[in-house]
Amino acid sequence: MATRICDPEYTCEEYFNDCIAAFPELSLYTLGAKAAARTTTGGRTPDEEYQRTIGAFFTFFWLMRLDIEGADSFCFGLDGTWEPRVLPSDPAQQTEEEKHRTMFRRHADWDAMHQLLIDA
């Protein structure tokens, strides 16, 4: 995983599967109906904690790949085939949320985010 994270051929789906394999304890969040009914020490449901953890993994993946497809995936998410979502280029065809995502993509300080990652 670490040796491939900046490889353009390494997909987000492969990274996700590698994370699941590398951190089997993630399955503790998804132990069925009993898990859904309880809360964690942070007050969230196990499903919410799982989603937050996977989101953090994806954020790291995308920040490491800003010069590939990372910024687009960070802003627009993934489609059903694990590829970065492509928004309509015509703002008139975009939803309000998509317009906000497009503005963020254009105006975010990506160099600062990259530096934050390095400094961490």
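Glu 69 is buried in this predicted model, because its relative accessible area is 17%, which falls under the 20% cut-off for burial. The residue belongs to helix α4, which spans residues 66-76, and its side chain is joined to that of Arg 65 by a polar contact of 3.0 Å. When residues up to four places away in sequence are not counted, Glu 69 touches Phe 61 and Pro 84.

A search of the whole structure gives 11 aromatic pairs. In one of them, Tyr 10 and Tyr 15 have ring centres 6.4 Å apart and planes at 85 degrees, so this pair is edge-to-face. The rings of Tyr 15 and Phe 61, by contrast, form a stacked pair, because their planes stand at 20 degrees, with the centres 4.6 Å apart. This second pair links distant parts of the chain, since Tyr 15 sits in helix α1 (residues 12-22) and Phe 61 in helix α3 (residues 46-64), 46 residues apart. Both Tyr 15 and Phe 61 are buried, and Tyr 10 counts as buried as well, at 0% relative accessibility.

Ring pairs also link Phe 16, Phe 58, Trp 62 and Trp 82 into a cluster. Trp 82 lies in the loop between α4 and α5, the latter being residues 96-107, and its phi is near 70 degrees, a positive value in a residue other than glycine. Most residues other than glycine have a negative phi. Thr 95 is found in the loop between α4 and α5 too, and its C-alpha lies 31 Å from that of Gln 115, although the two residues are 20 apart in sequence.

| Residue | Relative accessible area | Class |
|---|---|---|
| Tyr 10 | 0% | buried |
| Tyr 15 | 3% | buried |
| Glu 69 | 17% | buried |
| Trp 82 | 27% | partly exposed |
| Thr 95 | 43% | partly exposed |

The largest nonpolar core holds 13 residues, of which Tyr 15, Ile 54, Phe 57, Phe 58 and Phe 61 touch the most other members. Helices α1 and α3 each supply at least two residues of this core, and the largest share, six residues, comes from α3. Leaving aside neighbours within four places in sequence, Phe 57 is in contact with Tyr 15, Cys 19, Phe 23 and Leu 26. Apart from this core lies another, of 10 residues, which includes Leu 63, Ala 71, Leu 87 and Leu 117. In soluble globular proteins, nonpolar side chains tend to be buried together.

As to confidence, the protein chain has a mean pLDDT of 90, and 92% of its residues reach 70 or more. Confidence is highest in α1, at a mean of 97, the helix in which Tyr 15 lies, whereas the lowest value belongs to helix α2 (residues 33-37), at a mean of 54.

Technical notes
Residues numbered from 1 in each chain as written. Predicted model: local features only at pLDDT ≥ 70, side-chain atom pairs only at ≥ 80, totals over all residues. Heavy atoms only, no water. Phe/Tyr/Trp six-rings, centres within 6.5 Å; stacked < 30°, edge-to-face > 60°. Buried < 20%, exposed > 50% of the residue type's maximum accessible area, 1.4 Å probe, protein only. Helix = DSSP H or I, 4+ residues; strand = E, 2+ residues; numbered from the N terminus. Polar contact = N/O pair within 3.5 Å; in protein donor to acceptor, adjacent residues only side chain to side chain. Contact = heavy atoms within 4.5 Å. pLDDT = per-residue confidence, 0-100. Core = buried A, V, L, I, M, F, W, Y, C linked by side-chain atoms within 4.5 Å.
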